[in-house]
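Subject: Structure for you to look at

Hello,

I am passing on a structure that you have not worked with before. Please open it first; my notes follow below.

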Amino acid sequence: MLGYLIRRVLAAVPVMGVVALFVFLLLRLTPGDPAAILAGDNATPERLERIRASLGLNEPLIVQFITWVNKLLHGDLGTSLISNLPVMKMIGQRVEPSISIALSTIILAVIVAVPLGVIAAWKHGTWIDRFVMGLSVLGFSVPVFVVGYVLIQIFAIELRWVPVQGFRSIFNGFGPFFERIILPTCALSFIYIALIARMTRAAMLDVLGEDYVRTARAKGINEVAVMMRHALRNAAVPVITVIGTGFALLISGVVVTESVFNIPGIGRLTVDAVLARDYPVIQAMILLTSLIYVVVNLLIDVAYTLLDPRIRY
């Protein structure tokens, strides 16, 4: 297993190298003068020259790339052109809300969706199966912002059980943190519950007809044990893939939810950077998103090796 994982890590290195090259060329190969694009139409010559010097645009392209990669390896993602703050510091200030929403959403979705998918497969063709699949269709059909506004209207405005918007760090107390994270979690988990439930059902239906499941039932093993120990374990690979990919999508794509609930996360930081043409922040966010996908895929591979020992060879 160790050799397999090492090969997977080594295979991820050129992927990140290609991403880094693309991110570097994103600004340098933009039509026109990158410094003029960053500075705006009314920039003075002194400001243009200052931007060129700060970005190293006066150096040869290969020298610029080597310098940029060297800074990346030392944790230097550059400085924001708008706020003049280090990009790493800006990301550090915004990462907790996004990770909190992503983790809570995935945990809630797995807790709800996997049992629903298993039950739907177990009761295939019955009203229970049709009911679960109907909920899944509803989850795919209703946009996240609609679910968010409905939850705000009911639980925050009418019932006044939780605050309407904002975020509190978990380090300031679990109670205030939970009050502000529960509605975004429920709104965002709606579609992921639908996705994971459908995938779990489909994967379970594929394995329920296998010989080892029929053999387990013929031995008189309890049906719950057959479903959980024999069927679900072998159906878990595609489900884990969906869960892992969903987690990566959540961290990098919670823009709508963060906007609806006024949460200062990574998604809103990315949108603000794009609107302000803050290229150092945009470059950093592309790199961060790519790194998240690579790490998640490595974790999925680890899960594969634990579920299927044949992968080790």
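How many helices and how many strands does the secondary structure of the protein come to? There are 13 helices and zero strands, so please keep in mind while reading the rest that this is a predicted model. Along the sequence the pattern is accordingly α-α-α-α-α-α-α-α-α-α-α-α-α.

Overall form: along the principal axes, the C-alpha atoms take up a box of roughly 80 × 60 × 35 Å. Of the 313 residues in the protein, 39% are buried. Among contacts with a separation of 6 or more, 72% are between residues 24 or more positions apart.

Helix 8: this helix covers residues 174-208, which is 35 residues. A straight helix would reach 51 Å at 1.5 Å a residue, but the end C-alpha atoms of helix 8 are only 42 Å apart.

Surface patch: Phe145, Val146, Tyr149, Val150, Ile154, Leu159, Trp161 and Val256 make a nonpolar surface patch of about 740 Å². Helix 7, residues 144-158, gives the most to this patch, with five residues. Val150 is placed in helix 7. Is Val150 buried, partly exposed or exposed? Val150 counts as partly exposed because its relative accessibility is 43%, which lies between the 20% limit for buried and the 50% limit for exposed.

Regards

Notes. Residues are numbered from 1 along each chain as its sequence is written. This is a predicted model: local features need pLDDT of at least 70, side-chain atom pairs count only at pLDDT 80 or more; totals for chains, interfaces and linings use all residues. Side-chain values use heavy atoms; hydrogens and water are left out. Patches are made of residues with over 30% relative accessible area and no salt bridge: like charges are joined within 9 Å, nonpolar side chains (Val, Leu, Ile, Met, Phe, Trp, Tyr) within 5 Å. Accessible areas come from the Shrake-Rupley method with a 1.4 Å probe; for residues, only the protein chains shown count as cover. A salt bridge is a side-chain nitrogen of Lys or Arg within 4 Å of a carboxyl oxygen of Asp or Glu. Helices (H or I, at least four residues) and strands (E, at least two) are DSSP runs, numbered from the N terminus. Buried means under 20% relative accessible area, exposed over 50%, partly exposed in between (1.4 Å probe, protein chains only). The expected span of a helix is 1.5 Å times one less than its number of residues. Contact means heavy atoms within 4.5 Å.
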